[in-house]
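Biologist: I'd like to learn how to read a model like this one, feature by feature. Can you walk me through it?

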Amino acid sequence: MSEENLFSDLEVRITEAMARCPKGVSNKTLLEAIPSMSTAQLVEILNKLISQDKIQILSKGKQLVYMLKDQKATKKCSSTDVEENLVFQAVERAGNNGVSSKDLKFSCNLPQAQITKILKGLEGKKLIKCVVSTSKKKVFMLFDLEPSHSITGGTFYSGQEFESEFVDVLSEQCYRYLLQNKTVAEKLTDPISQRNASFKSSKDICTYINGLKISKVQLSVQDIETVLEALIYDAKLEKSITMNTPAKGSENLYRVTKPLVSSVGLMRMPCGVCHVFKDCHKGGIISPSTCVYMKEWLEF
Ligand code: SF4
């Protein structure tokens, strides 16, 4: 096959792969889907498709994904006036990171009042939508796009609220899973096998957590790694990275750490941090004999 034919064949296969993934496809997935294609060939074809305005780049989590452009939406807008089309194209170029009306004013070189009017018209036609980011900034993007994590804050945000309880539950489940894994690993006699078995990859942890069905949405490996990184800062976990191989790439592995100092029971006593310590005495309204915190500590 000539080089030209090879490139057009790869281009068709890339376009087909993108058509199968309407939410976007990453470099890695494309290379896995077409094993005979080199990274250099992929980059060249992607650049060509971008310059021909056939695909758009979106950010999904920490990675970039490529998506076929919605030709229908472009056609719908091409029938409107020039200025409206100009604003629509600027919104389209912004991808799923969105663009503010202030930035549109400069990029389209139109008065703010006119930009606002055009945006309202495009919103009314359901060609674009307004999304409020976690930093309370209003941005505009194509109607069918899913806002990027930089706008929504990711899975752990509901609107502008950080879902701390949900994150706590995820952290607890991840830690419990790795603790169970450590207990199983400790039964091995060989110290090297014991160490290796005590680690789990973020992919395995993600599969386990999704299997528990504690989240309404499917969690990605990146979401789980965010939770695991927080547990590392809490000194509960440690991380190891495997060697980068062409077949598997590198993997992030996690295991439960051994605490540097074991906390003695006295350190966990509630009275040390109690706000009513001064008013607490035997026979008083606040008393150790009626204190629920003391009861819990004694039962621990
Ligand atoms: S016994 Fe309970 S109420 Fe009294 S100081 Fe301790 S924690 Fe506070």
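Biologist: Let's start with contacts: what share of the contacts in the protein with a separation of 6 or more comes from residues 24 or more positions apart?

Modeller: A contact means heavy atoms within 4.5 Å. In this predicted model, residues 24 or more positions apart account for 49% of the contacts with a separation of 6 or more.

Biologist: Before we go on, what are the ground rules?

Modeller: Residues are numbered from 1 along each chain as its sequence is written, and side-chain values use heavy atoms, with hydrogens and water left out. Since the model is predicted, local features need pLDDT of at least 70 and side-chain atom pairs count only at pLDDT 80 or more, while totals for chains, interfaces and linings use all residues.

Biologist: Fine. How many helices and strands are there?

Modeller: Both are DSSP runs numbered from the N terminus: helices are H or I with at least four residues, strands are E with at least two. Here you get 13 helices and 10 strands.

Biologist: And how much of the protein is buried?

Modeller: Buried means under 20% relative accessible area, exposed over 50%, and partly exposed in between, with a 1.4 Å probe and protein chains only. Of the 300 residues, 32% are buried. As for the accessible surface (Shrake-Rupley method, 1.4 Å probe; for residues, only the protein chains shown count as cover), the total is about 19,700 Å², and carbon and sulfur atoms hold 56% of that.

Biologist: How do I read the core?

Modeller: In soluble globular proteins, nonpolar side chains tend to be buried together. A nonpolar core is a set of buried Ala, Val, Leu, Ile, Met, Phe, Trp, Tyr and Cys residues joined through side-chain atoms within 4.5 Å. The largest one here has 24 residues, and Val87, Val91, Leu104, Leu119 and Ile128 have the most contacts inside it. Elements that give two or more residues to this core are strands E3 (63–68), E4 (128–132) and E5 (138–142), plus helices H5 (82–93), H6 (101–108) and H7 (112–124). At least three residues come from each of domain 1 (3–68) and domain 2 (71–149); those bounds come from an automatic or database domain assignment.

Biologist: Which residues does Val87 contact?

Modeller: Leaving out neighbours within four places in sequence, Val87 is in contact with Leu104, Cys108, Leu110, Ile115, Ile118, Leu119 and Leu122. There's also a second, separate core of 18 residues, with Leu170, Tyr177, Leu178 and Ile209 among them.

Biologist: Which nonpolar residues form a patch on the surface?

Modeller: Patches are made of residues with over 30% relative accessible area and no salt bridge; like charges are joined within 9 Å, and nonpolar side chains (Val, Leu, Ile, Met, Phe, Trp, Tyr) within 5 Å. Ile50, Ile57 and Leu64 form a nonpolar one, with about 230 Å² of accessible area together. Ile57 sits in strand E2 (residues 55–60) and is partly exposed at 38% relative accessibility.

Biologist: How many salt bridges does a search of the whole structure find?

Modeller: A salt bridge is a side-chain nitrogen of Lys or Arg within 4 Å of a carboxyl oxygen of Asp or Glu, and the search finds 7. Take Asp9 and Arg13, whose closest N and O atoms are 3.9 Å apart. Both lie in helix H1 (residues 3–20), 4 residues apart, about one turn of the helix. Asp9 is partly exposed at 30%, and Arg13 is partly exposed at 31%.

Biologist: Which salt bridge links distant parts of the chain?

Modeller: Look at Arg255 and Glu238, with closest N and O atoms 3.1 Å apart. Arg255 is in strand E10 (residues 252–256) and Glu238 in strand E9 (residues 237–241), 17 residues apart. Arg255 counts as buried at 18% relative accessibility, whereas Glu238 is partly exposed at 27%.

Biologist: What should I make of phi?

Modeller: Most residues other than glycine have a negative phi. Lys213 has a positive phi, near 60°; you'll find Lys213 in the loop between helix H11 (202–212) and helix H12 (221–233), exposed at 68%. Ala235 also has a positive phi, about 60°. Ala235 lies in the loop between H12 and E9 and is exposed at 54%.
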